[in-house]
Amino acid sequence: MALPAYRRWLPQFSLRQLLLATTFVAIGCYALRWASPWWSIVLFYCGLVLIVGGILVAINRRGETRSFWTGFAICGILHMLLVFQPGLENGIPALGFTAFVTTWASAYTYNLIKPQLTVQPIPTDPDVLATIRGRWGGEYQEIPSQPRPGINMAVVAHAPSFHSGEDGYFRGFGPGPFYIQQEDFVQVAHGLWTLLLAYLGGHVSLAIYRRRPAGQDSTADDADRTDKN
């Protein structure tokens, strides 16, 4: 039975969509609890793939399908442009210098739940981390050395500045307790924000499409119904 005209613009969810939403929430909670650069990269590229796929679908489909995926792609791209800098740092998307509302909300959430984000890192040596990452952290500086005949007491050495989870696993050194890094948490949260805002943008676009005057673009509607059947 067709819905009344005043209700056609309301979002309509199928059982499959509800199951997908439940899966998304479960994966998002797990990724935030164990936030790491690995999860940041996975979610960033998942969002990017879905946005590109949405653009292709919008180009090749009509009617409601085009409306939804156009809104999805536009809102997803807009969020990425607002929060990410061009290029990658060590394979990880870098956040922009300008604070955005999702950055603030993610950092605020992190500070609220930080006591629950403790981890038990794998004890390791800075040299091992340097081998894994293929680089050193920190800067070179002069530090005292053991006295040796004819050798200056101060030598140039490296002061590493690695964090737990830099290689996608919890490897750290020094005294605990260890927590999920705020930077990793915010990065993962932004990947989830991109997907969520893109999805909401798609439904807003779809609602606007459904509120158009009756009879407008009927050809596109007929083609869309044919595709669904």
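Visitor: In which helix is Pro 37 found?

Guide: Helices are DSSP runs of H or I with at least four residues, strands are runs of E with at least two, and both are numbered from the N terminus. Pro 37 belongs to helix α2, which covers residues 37-60. The model is predicted, so local features need pLDDT of at least 70 and side-chain atom pairs count only at pLDDT 80 or more, while totals for chains, interfaces and linings use all residues. Residues are numbered from 1 along each chain as its sequence is written, and side-chain values use heavy atoms, without hydrogens and water.

Visitor: How many helices and strands does the protein have?

Guide: The secondary structure comes to seven helices and eight strands.

Visitor: Is Pro 37 buried or exposed?

Guide: Buried means under 20% relative accessible area, exposed means over 50%, and partly exposed lies in between (1.4 Å probe, protein chains only). Pro 37 is buried because its relative accessible area is 7%. The other buried residues of α2 include Trp 39, Leu 43, Phe 44 and Ile 51. Across the 229 residues of the protein, 34% count as buried.

Visitor: How is the reach of α2 read against the expected value?

Guide: The expected span is 1.5 Å times one less than the number of residues. With 24 residues, α2 reaches 35 Å from its first C-alpha to its last, close to the expected 34 Å. Helix α4 (residues 101-113) has 13 residues and reaches 18 Å, close to the 18 Å expected.

Visitor: What do the buried residues of α4 pack against?

Guide: Contact means heavy atoms within 4.5 Å. Thr 102, Ala 105, Ser 106, Ala 107 and Tyr 110 are the buried residues of α4. They pack against α3, β8 (178-179) and α6.

Visitor: At what angle do α3 and α6 pack?

Guide: Axes are lines fitted to C-alpha atoms, for helices over the stretch in contact, and angles run from 0 to 180 degrees between N-to-C directions. Helix α3 (residues 63-83) and helix α6 (residues 182-210) pack at about 145°, with axes 7 Å apart. By class, their contact has twelve nonpolar, eleven polar and two charged residues. Nonpolar here covers Ala, Val, Leu, Ile, Met, Phe, Trp, Tyr, Cys and Pro, charged covers Asp, Glu, Lys and Arg, and polar covers the others, Gly among them.

Visitor: How far apart in sequence and in space are Gly 191 and Leu 48?

Guide: They are 143 residues apart in sequence, and 9.5 Å separates their C-alpha atoms. Gly 191 lies in α6 and counts as buried because its relative accessibility is 4%. Pro 37 and Phe 185 are 148 residues apart along the chain, with their C-alpha atoms 9.0 Å apart. Among contacts between residues at least 6 apart in sequence, 68% join residues at least 24 apart.

Visitor: How many disulfides does the count come to?

Guide: A disulfide is a pair of cysteine sulfur atoms within 2.5 Å. The count here is zero. Cys 46 is partly exposed at 38% relative accessible area, and Cys 75 is partly exposed at 28%.
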